Amino acid sequence: MSALVRWCFRHRLLVVGIWATLLVALAVPYATLGTSYSDAFSLPGLESSKAQARLQTSEPRQAGDSDQIVVHVRHDGSVRDPAVRRKVTSMLDRVAALPSVTSVSSMYGPDGAARISKDGRTGYATVTFDAQAERIPAADVTRVIDTARAVRDGDLRVELGGQAISLVAEGGGQGTEAIGLLAAGIILFVAFGSLLGMLLPLLVAVAALGAGLLAVGLTSHVMTLGSDAPTVAALIGLGVGIDYALFIVTRCRTGLQRGLTPEQAAVHALDTSGRAVVFAGLTVVTALLGLLVLRIGPLSAMGISAATAVLATVPASVTLLPALLGLFGSRLLTRRQRRALSTCNPRAGARPLGTERSGGRWAEQVERRKTLFALTALLMVTVLSLPALSLRLGTSDAGNDPKGTTTRAAYDLLAQGFGPGSNGPLVLVAQLDAPSDRPALNRLVEAVRRTPGVASATAGRVTAATGLSVIDVAPTGAPQDESTSTLIAHLRKEVVPTAERGSGLTVYVGGTTAASDDLADLLTGKLPLFLGVIVVLGCLLLMLAFRSVLVPLTAALMNLLASAASFGVVVAVFQWGWGSELLGLGKAGPVEAQLPVIMLAILFGLSMDYQVFLVSRMHEEWEHTRDNHRAIRIGQAETGRLINAAALIMICVFIAFVFGGERVIAEYGVGLAAAVAIDAFVLRTVLVPSLMHLLGRANWWLPAWLERTLPRVSIEGAPSRESVPAAPAPAPAPASAARVERTGSVPHHPGVAPVRHESPQRQDRGPRVPKSVLAAYLWWFFFGLFGMHHFYLGRTGRGLLHLCTLGICGLGWLADALTLPHQVRSANVRIALADIALHADATADPASNDSLR
């Protein structure tokens with residue numbers, strides 16, 4: 001990685017120009033084509049999907065989205081009054097003639113009596129569109145809204161509800177990213193005390209987020225991405241982008257404070273923290289792509305979009321960030337720190353984030369009272385996790401929309417006039433094989449009406465051509481109520497099978513409410529598989545990085561604890577309603593069905609991040625001293641405050657999305673913010689170090705056979721070979737200066753790996769660093785079609801061949817995925833042989849010089 005960083009640092013303007021060109025290249029087609037987000041999805045094999053498919057095939061006019069126009073007379077009048085009737089009928093006629101509208105069922109029609117409330121003050125008409133809500137042009141839905149609300153006056157109130165109306169009328173989380181950036185900037189300025197130090201992580205994060213979101217928007221044209229996908233991608237991409245840049249900039253500032261030149265500090269920062277960032281980023285991407293195992297279209301698409309945003313932060317951190325470090329130079333430090341350096345006293349202004357005495361004192365306290373701290377942390381996490389035991393998945397209804405929206409107003413009017421179940425009726429699709437099945441259909445309708453929890457059941461006419469009848473069932477409870485879910489299960493298991501028995505009648509229970517229940521049941525069943533996949537993948541990655549069995553298992557346990565505690569917070573806020581009304585997010589209701597799997601994917605990735613940054617420093621110290629307690633103490637002292645600062649930034653970014661007014665996104669924001677807070681301030685600060693102290697040297701145990709089998713992946717980087725300015729001293733003679741430069745050493749500074757002095761003449765001829773399998777695969781993944789992984793391994797000829805043929809039309813690139821470990825081993829053999837020859841030449845030089853003298 002050092003060669004890449006040096007090149008980016010020395011060609012900083014070119015690198016910035018490349019990134020600007022990339023953003024423009026993505027922005028132009030984005031502005032031209034726009035986006036094609038769609039919330040359409042199907043769940044083949046589920047009963048609600050079968051009902052929808054049967055309607056689509058037999059009665060396509062009834063298969064489109066159905067929305068409501070609700071009219072309400074404010075005073076003592078009635079919707080049956082002639083003046084009100086004329087005004088509303090004229091409006092409904094105009095709505096029926098609009099594009100995308102197939103029919104309007106008026107409350108004044110032959111079957112309209114059931115659409116007028118008992119007091120006569122509220123009525124509703126049903127507008128049926130020609131497609132599902134996500135496929136209706138927004139402009140057509142807007143025309144319906146404007147036409148309906150044009151007849152409002154002081155006595156007549158008109159509101160609209162339904163899925164199509166909600167998609168167009170709901171407010172997005174505008175400006176939430178700006179709030180998160182502002183909060184992150186304040187924390188960075190407090191941490192660094194430097195304006196440029198604050199701006200640098202923000203610039204890198206914004207550039208990466210821009211590239212990621214533009215790519216996500218373009219991807220929506222080639223695969224189905226939901227409307228929430230870019231928001232979730234921004235949520236995670238912005239947070240990790242700032243955090244990754246923060247870790248690298250902090251390491252770079254530490255190098256500058258030690259007296260390194262800006263280039264040396266940048267190279268050292270990227271060769272240590274940069275490696276950890278790359279590894280952590282790929283871990284997050286792996287966890288997000290784990291959603292693919294669910295084989296559910298919307299969730300897979302959301303995982304891909306979020307992974308795209310995170311993936312953009314990795315190349316930005318290792319290319320754009322070094323270029324900006326070159327532009328800013330030593331100005332990353334405060335003026336006091338630069339003055340200290342100018343007086344040749346590098347340590348005078350050095351207070352790198354994470355190495356203050358308070359961090360060391362806290363680490364010593366944890367070591368001395370490890371059992372007490374571990375039990376206290378476990379108790380705290382257990383208490384926060386208790387509400388998760390009552391977790392109920394589902395879909396919140398329009399009753400949780402922000403007050404003042406037309407969908408919330410329509411929901412409230414319908415609930416007052418017709419009962420809460422009218423906002424989410426169930427649709428029973430009955431298929432008759434023969435006219436003789438009509439008595440069975442009649443018995444079914446009567447049985448449904450007598451079923452507890454049913455407010456009304458209305459059967460439509462049997463279509464002669466298709467033998468299809470649609471029964472609208474209004475539950476007594478709201479769509480999101482648990483009683484409605486119980487009713488759906490009872491209809492499917494008891495009422496419908498009884499009516500079908502002995503006849504050719506086939507009935508499917510469908511509708512939006514039933515589809516939400518089916519999705520929740522499907523995700524609940526697949527959750528153990530998904531959890532197992534991401535736990536196993538995370539453990540394997542950490543086992544590769546730290547050559548340990550217990551460190552990955554400890555990390556997996558911490559991830560599960562953080563997830564359980566965050567789910568407990570989400571249940572308390574949204575399902576129990578503790579504060580949801582204060583946040584403007586509606587009343588108590590179920591947790592969104594897709595939230596657990598998506599949160600688990602994100603949380604496992606973020607938790608692995610913090611585990612990597614914490615344990616990598618511990619592992620580095622363990623490799624040097626083989627003292628477990630010292631390694632844990634120093635690792636915690638030097639990274640604890642840095643992790644806490646990064647967590648504060650992430651929390652601010654996540655909390656900012658709570659204020660966007662969307663309940664689904666707010667659930668993600670609250671859950672992720674709680675998880676990061678628990679993970680950083682309880683688990684990584686208290687529980688992980690305490691357990692590692694209790695486990696002792698067993699932390700680093702790995703069976704011999706596994707040691708031989710696992711490939712070696714280093715995320716701490718090789719010791720730096722950059723020369724460091726020495727402390728003030730009398731200038732030595734030229735000959736002695738050369739000897740000092742070859743043999744001198746610099747005391748180890750907390751947070752920075754040991755640095756060796758070498759002469760400029762010998763520096764380029766020193767032993768070459770062995771090639772890394774991880775780095776080779778990174779080159780292959782990002783730039784493999786251009787042969788960059790071959791250039792990295794020193795095989796220039798093969799690299800040029802791939803560059804000119806695009807990886808031999810992709811086939812050679814795919815084959816390299818299997819042979820790359822062997823190629824790395826071959827490259828390291830060549831490097832070892834070259835180092836042996838170089839060492840032989842070096843030992844022969846002094847003898848020849850002596851003979852000459």
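These legends describe close-up views of a predicted model.

**View 1. An open sheet of four strands, E2-E3-E1-E4.** Pairing in this sheet is antiparallel. Strands E2 (101-105) and E4 (156-161) stand at the edges. Each has a single partner strand, so one side of each is left without a neighbour in the sheet. On average, neighbouring strands are turned by 20 degrees against each other, direction ignored.

View 2. Val101 has Phe129 of E3 as its bridge partner.

**View 3. Ser166 in helix H6.** Helix H6 spans residues 163-169. Is Ser166 buried or exposed? Ser166 has a relative accessible area of 18%, and buried means under 20%, so this residue counts as buried. Leaving aside neighbours within four places in sequence, Ser166 is in contact with Asp401 and Thr407.

**View 4. Strand E6, covered on both faces.** Strand E6 covers residues 426-431. Six of its six residues are buried, so E6 is largely enclosed by the rest of the structure. Leu426, Leu428 and Ala430 lie on one side. Val427, Val429 and Gln431 lie on the other.

**View 5. The partners of E6: strands E8 and E9.** Six bridges join E6 to E8 (residues 468-475), running antiparallel. Here Leu428 has Ile471 as its bridge partner. E6 also pairs with E9 (residues 506-510) in the antiparallel sense, over five bridges. In E9, Gly510 is the bridge partner of Val427.

Note on methods
Residues are numbered from 1 along each chain as its sequence is written. This is a predicted model: local features need pLDDT of at least 70, side-chain atom pairs count only at pLDDT 80 or more; totals for chains, interfaces and linings use all residues. Side-chain values use heavy atoms; hydrogens and water are left out. Two strands pair if DSSP finds at least two bridges between them. Helices (H or I, at least four residues) and strands (E, at least two) are DSSP runs, numbered from the N terminus. Axes are lines fitted to C-alpha atoms, for helices over the stretch in contact, and angles run from 0 to 180 degrees between N-to-C directions. Buried means under 20% relative accessible area, exposed over 50%, partly exposed in between (1.4 Å probe, protein chains only). Contact means heavy atoms within 4.5 Å.
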